[in-house]
Amino acid sequence: LPEQGKKVVEFDFNKYMLSKAMAVTEALDKAIPHSYPQKIHESMRYSLLAGGKRVRPVLCIAACELVGGREELAMPTACAMEMIHTMSLIHDDLPCMDNDDLRRGKPTNHKVFGQDTALLAGDALHAFAFEHIVAFTSKSVGSDGILRAVTELARATGPQGIMGGQIVDIASERDAFVDLQTLEWIHIHKTAVLFECATVCGAIIGGASGDEIERIRRFARYLGLLFQVVDDILDVTKSSEDLGKTAGKDLVSDKATYPKLMGLEKAKGFSLELLNKAKEELSCFDPMKAAPLFGLADYMALRQN
Ligand code: GRG
């Protein structure tokens with residue numbers, strides 16, 4: 001209970017999220033200028049600045065701040081996370097993958113710039129993300145910290161990370177009997193791995209101890225899976241609302257999702273279990289300093305888009 005006369009300072013998560021997301025967007029805008037060759041830079045900027053919740057970079061900054069680092073220390077790494085996320089979306093939308101026309105409410109990159117440029121813009125963002133961390137992270141972090149962050153990112157994007165998750169996901173689309181274990185493998189590699197990487201890299205850059213990094217890693221791993229379970233639930237509940245039906249598209253489509261494999265109510269229960277497990281991992285940190293990460297966890301569990 002607060003002592004008499006003392007004001008309780010409440011953490012305003014919405015304000016925090018908004019200000020960090022704006023700072024990230026500003027830094028991304030500066031990171032990729034309108035340089036020659038114009039077409040590839042325009043294509044990279046188009047997708048990078050097309051909106052998006054900026055959850056991964058904000059996780060990176062919040063983890064850095066949790067262990068005593070400042071926002072500017074983590075910003076190049078935070079931007080790199082969003083570059084990788086964006087390149088994965090550009091490639092995912094291509095006709096050879098999901099063949100989507102819209103992303104973040106705007107025409108997809110290949111619809112505006114053509115498939116050839118979209119493919120190259122994705123590759124360019126992939127390479128540039130690494131260069132950006134190395135070139136712009138403060139020397140005070142030290143080369144060991146930067147090397148560890150870059151190694152985390154390389155692993156997260158490779159065959160044991162997003163690329164691995166995507167290839168198993170593609171294969172599973174043709175498989176009528178995808179089980180829960182395979183679905184979890186896909187989600188952990190395709191989605192959760194970048195949440196983990198963003199958060200862990202923020203902690204590394206902020207100077208976290210080995211023990212702190214492992215706690216933060218487990219927190220982010222639960223959170224990443226939670227994000228995808230909620231995505232699956234939203235697919236069902238949103239399309240039910242849209243169609244005015246009781247069963248949404250992913251309860252009736254062939255695609256394996258958590259609601260489809262375990263039922264909607266159990267999937268909702270599982271998401272709350274993941275949220276609690278994630279929060280437990282941070283229980284040893286100063287609650288004031290951990291408030292942004294707790295806020296992010298609640299935001300990811302309760303989000304509506
Ligand atoms: C990473 C090298 C490399 C290759 C990419 C195409 C591909 C290989 C992977 C696809 C990965 C993918 C699209 C995963 C889905 C991730 C996901 C949950 C996206 C939605 O994230 P939000 O909701 O989106 O954070 P916004 O638009 O808010 O940023």
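1. A residue is taken as near a molecule or strand if its C-beta atom, placed from the backbone, lies within 6 Å of it. The ligand here is surrounded by 19 residues, of which the closest are G52, K53, H91, D92 and Q166. The model is a predicted one, in which local features need pLDDT of at least 70 and side-chain atom pairs count only at pLDDT 80 or more, while totals for chains, interfaces and linings use all residues. Residue numbers start from 1 along each chain as its sequence is written.

2. Helices (DSSP runs of H or I, at least four residues, numbered from the N terminus) contribute to this shell. At least two residues of the shell come from each of α4 (71-93), α8 (162-173) and α9 (180-205); α4 gives the most, with 6 residues. By class, the shell holds 6 nonpolar, 8 polar and 5 charged residues. In this division Ala, Val, Leu, Ile, Met, Phe, Trp, Tyr, Cys and Pro count as nonpolar, Asp, Glu, Lys and Arg as charged, and the others, Gly among them, as polar.

3. Beyond its neighbours within four places in sequence, C60 is in contact (C-beta atoms, placed from the backbone, within 7 Å) with A74, T77, A78, M81, A198, T199, C201 and G202.

4. Helix α13 (residues 264-281) and α14 have axes that come within 10 Å and cross at roughly 175°. Axes are lines fitted to C-alpha atoms, for helices over the stretch in contact, and angles run from 0 to 180 degrees between N-to-C directions. This crossing makes α13 roughly antiparallel to α14, a term for angles over 145 degrees. S271, L275, A278 and K279 of α13 meet F294, A297 and A301 of α14 in the contact, whose residues divide into 5 nonpolar, 1 polar and 1 charged.

5. L302 also has its place in helix α14. Is L302 buried or exposed? L302 is exposed because 10 other C-beta atoms lie within 10 Å; the cut-offs are 20 or more for buried, 12 or fewer for exposed and partly exposed in between, with C-beta atoms placed from the backbone. From C197, L302 is 105 residues apart in sequence and 22 Å apart in space, C-alpha to C-alpha.

Key
Contact = placed C-beta atoms within 7 Å. Parallel < 35°, antiparallel > 145°, perpendicular 65-115°, else oblique.
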